[in-house]
Amino acid sequence: MRKLSLFPLLAFGLAANGCGGENAAASAEQASRTDQASAAQSAQPAANSPARQAPNPVAGNYSGPDIGGLHLGMTPEDVKAAMLAYDANIKIQDTSQFFEYAALGKRYKTDSFLIATHGQLPAGSGVLAVGYSYPPAAPRVVSIIRTHRQSSEPLTQADYAKALIDKYGAPVEDTNNGKPSFQAERILKWKLAGSGNTSCTNGVSIANSVLGGFVKDGRKMAEETVTPDYAAQCDAVFKYTLRGDPVTQANGAISDIAAWAASEFDARDWVQQQVDEKSKTGTEPPKL
């Protein structure tokens, strides 16, 4: 079982942390468990296309760009429907976690909650995955990733990039490292409508703390210095990284950093409320 930690009051890093007050000492850890969800096995595998437009029975409920039919803001039920629409042979697995905390010398844990859904595509061709916002609100997609591997008749970088631009429009950044063959790498970035203008992270990882990866002026920030107001200004992550020419692996990502961070702040408050409730002082004098 994978263990994560909670920054005082709630952080999603890899080392345990704690906090204390006059009436309570709280530490929190995150533990995860996985439950395998079944996937339909009757249809043929999906076409190995860079930005394939898959039929999506729930796409009309959401706006903004998608990766593999997955949109920010989706419910877990709609995520699974979209994954199965993308490829009926996808193997879907959910990841759940719970928070553990301490109050007045006793340890407690919250009910488990869904934190991520991973879809493994057939024949090792790639992965679709989403990360969800944290309690106390209902889970909604705040991050989407896609890994696409293609060793048989891969596309050139130019053709792969054209498919992405045809779908998402002209990128705001398009850079390459100038290297040939398997060393070539090209990164295309787009601006997500409505997102802020501050680049807050160098990278994000589904089901982990986003606040733990915050940077400012290129340097990692201490989590205690990240404020809700600062996080609200964050630009979203919306990019594709193409590796090799021809492209043997492509990694796509869309993450609403501001929404993700806001849910993490809310989760800290939620756990602290439970600590406070279990740490109330009494009024009855002791029998001496």
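Me: Why does aspartate 174 count as partly exposed?

Reply: Happy to start there. Buried means under 20% relative accessible area, exposed over 50%, and partly exposed in between (1.4 Å probe, protein chains only). Aspartate 174 has 36% relative accessibility, so it counts as partly exposed. A word on the source: this is a predicted model, where local features need pLDDT of at least 70 and side-chain atom pairs count only at pLDDT 80 or more, while totals for chains, interfaces and linings use all residues. Residues are numbered from 1 along each chain as its sequence is written, and side-chain values use heavy atoms, leaving out hydrogens and water.

Me: What makes arginine 186 and aspartate 174 a salt bridge?

Reply: The term asks for a side-chain nitrogen of Lys or Arg within 4 Å of a carboxyl oxygen of Asp or Glu. Here the N to O distance is 2.7 Å, and the pair is a salt bridge. It links distant parts of the chain, with arginine 186 in strand 10 (residues 185-189) and aspartate 174 in strand 9 (residues 173-176), twelve residues apart. Strands (E, at least two residues) and helices (H or I, at least four) are DSSP runs, numbered from the N terminus. At 17%, arginine 186 counts as buried.

Me: How many salt bridges does the structure hold?

Reply: There are eight. One of them joins aspartate 94 to lysine 80, with the closest N and O atoms 2.5 Å apart. Aspartate 94 sits in strand 4 (residues 91-103) and lysine 80 in helix 1, 14 residues apart. Aspartate 94 has 9% relative accessibility and so is called buried, whereas lysine 80, at 24%, is partly exposed.

Me: Why can glutamate 185 and arginine 243 be said to tie parts of the chain together?

Reply: Their side chains meet in a salt bridge at 3.3 Å, N to O. Glutamate 185 lies in strand 10 and arginine 243 in strand 13, so the pair ties together parts that are 58 residues apart in sequence. Glutamate 185, at 27%, counts as partly exposed, and arginine 243, at 37%, is partly exposed too.

Me: Is tyrosine 132 buried or exposed, and how do you know?

Reply: Its relative accessible area is 1%, so tyrosine 132 is buried. This residue is found in strand 7 (residues 126-132). Its contacts (heavy atoms within 4.5 Å), leaving aside neighbours within four places in sequence, include Met74, Val79, Thr117 and Val141.

Me: What makes the meeting of tyrosine 132 and threonine 117 a polar contact?

Reply: A polar contact is a pair of N or O atoms within 3.5 Å; within protein, one must be able to donate a hydrogen and the other to accept it, and residues adjacent in sequence count only if both atoms are side-chain atoms. The side chains of tyrosine 132 and threonine 117 make theirs at 2.8 Å.
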